[in-house]
Amino acid sequence: MSSDSTIARSLLSRRHWLGQVSTTSLLCLGQVGCQRAVPEPDGGWPTPEEMRFPGKVPLGVVNSRPPCLETPWRYFRTDFTPNEACYVPWHLQMLPTAVDLQSWRLRIGGEVAQTQEYSLQDLRDLEPVEIAAVNQCSGNSRKFAAPRVPGAQWKNGAMGNARWTGVPLRVLLEEAGLKASAVEVTFRGLDRGGIQSVPDFVRSLSVDFVKQSDAIVAYAMNGEPLPILNGFPVRLVLPGWYATWWIKALTDINVVAKPFTGYWMEKAYRIPATPNGVETPDNLATDTVPINRMNVRSFFTFPNQNANVAANRSCELEGIAFDGGSGIRQVEISTDAGKTWQAAKLGTDHGRYSFRRWRYEWTPSLGQHALLVRATNNEGEVQPLEAGWNHAGYMRNVVEPLALTAS
Ligand SMILES: Nc1nc2c(c(=O)[nH]1)N[C@H]1C(S)=C(S)[C@@H](COP(=O)(O)O)O[C@H]1N2
Ligand SMILES: [Mo]
């Protein structure tokens, strides 16, 4: 199978890709709930230019070549992030803009008894599983790292929650039959660097891990085909783990007899082997491991940062929390800079890998308020009050503040 025919050159020829450019304006929606003026919600940071890409609502442009597009904050008020608003990063310049399903196949080869090739229909004919899981970039919130670090300068919008439907990876590997020599499984998509020296985006997992993981090869996202920018026709979904593992436009699963040592495993996406992946700029860790499970996080999603709310009237705060798959035990709010904490009410449980919504009734007094939200997962892991740092801005999970004025 030749996948190269499906890759358009010069992907971001603007005429081909960019339908509509919208300049973000300050929307005044009047009073919504307890919140009065509603500037474009963006965590209190300047709103980036938003652009419309194929299959997408206008998204915040973090990089344009290749596209790194951020979900605007207003889309986090629902349990599941709409597909057309889900953030998008790509590493390589040449990414699929169309896939011919007649010739497209998912190939499983290497250290297997029988190489397998699946069409999309073949995959759909297998017993499906569905799982709600957060898709979060390792570098979500990197822009807030201090000192600043290189990499796409994401604010908090490099995350989303979806129901993923597909086939357990385990089942596909069983069909192929792992040889005794099998040590790792590598994953590669249709995207290419365009020049020889740029290594393909290949990631690997150990056979032992894959055998007991909830990984799926997903062909549907929130009940619909994946948007092309989110990995049509199929992608790997590794619930609870950072999305760098969630290879998009997956075509090659190759089982290997030796640990894989490609650039994207050996050089990139490694974290210090310290608690929460923390190191200091003047003492960088020498002992590193591949980034893996997500740590626990929570956010305010309403009211917006710096909103003006009605004093002495009940105001319902809203937000989300998630972790790497143990599930959220509790979410707490502090209105006194962390001296005391009160439990928020947790919303519908869509499973331990999903966003968990929370609400909190609060009656503000007249004046300025600085609120905090922190989550604890079922393993007792709690968000830190001070931000940790590492060289690549991975795994930020500091307690998030919300500034409000009540008048
Ligand atoms: N083939 C391919 N898959 C990929 C990537 C890529 O560059 N190429 N980027 C990864 C990274 S770093 C992230 S954060 C997720 C993002 O998935 P999304 O675009 O659906 O949000 O895709 C992952 N899968
Ligand atoms: Mo990422």
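A polar contact is taken here as a pair of N or O atoms within 3.5 Å, and in this predicted model the pairing between W246 and ligand 1 falls under that description, since a backbone N or O atom of W246 lies 3.1 Å from a nitrogen atom of the ligand. Two further pairs involve side chains: an N or O atom in the side chain of R235 is 2.6 Å from an oxygen atom of ligand 1, and an N or O atom in the side chain of K248 is 2.5 Å from an oxygen atom of ligand 1. Of the 540 Å² that ligand 1 exposes when taken alone, the protein buries 100%.

The shell around ligand 1 comprises 19 residues, the closest of which are Y87, D191, N230, R235 and K248. By class, this shell is made up of 12 nonpolar, 4 polar and 3 charged residues. Residues are contributed to the shell both by domain 1 (4–95) and by domain 2 (99–290), and ligand 1 therefore lies between these two domains.

The space taken by ligand 1 is the largest pocket, for which a volume of about 720 Å³ is computed. The lining of this pocket consists of 34 residues, among which H91, R142, W264, Y269 and Y394 are the closest to the pocket centre. Divided by class, the lining of the largest pocket holds 18 nonpolar, 9 polar and 7 charged residues.

Definitions and conventions: Residues are numbered from 1 along each chain as its sequence is written. Chains are lettered from A and ligands numbered from 1 in the order in which they are written. This is a predicted model: local features need pLDDT of at least 70, side-chain atom pairs count only at pLDDT 80 or more; totals for chains, interfaces and linings use all residues. Side-chain values use heavy atoms; hydrogens and water are left out. A residue is near a molecule or strand if one of its heavy atoms lies within 4 Å of it. A polar contact is a pair of N or O atoms within 3.5 Å; within protein, one must be able to donate a hydrogen and the other to accept it, and residues adjacent in sequence count only if both atoms are side-chain atoms. Accessible areas come from the Shrake-Rupley method with a 1.4 Å probe; for residues, only the protein chains shown count as cover. On a 1 Å grid over the protein atoms alone, a cavity is a set of points where a 1.4 Å probe fits but cannot get out, and a pocket is an open set with protein on both sides within 12 Å along at least five of seven lines; lining residues have an atom within 4 Å of a point. A molecule sits in a cavity or pocket if more than half of its atoms lie within 2 Å of its grid points. Ala, Val, Leu, Ile, Met, Phe, Trp, Tyr, Cys and Pro count as nonpolar, Asp, Glu, Lys and Arg as charged, and the others, Gly among them, as polar. Domain bounds come from an automatic or database domain assignment. Grid points are joined across faces, edges and corners, and a volume is the space filled by probe spheres set on the points.
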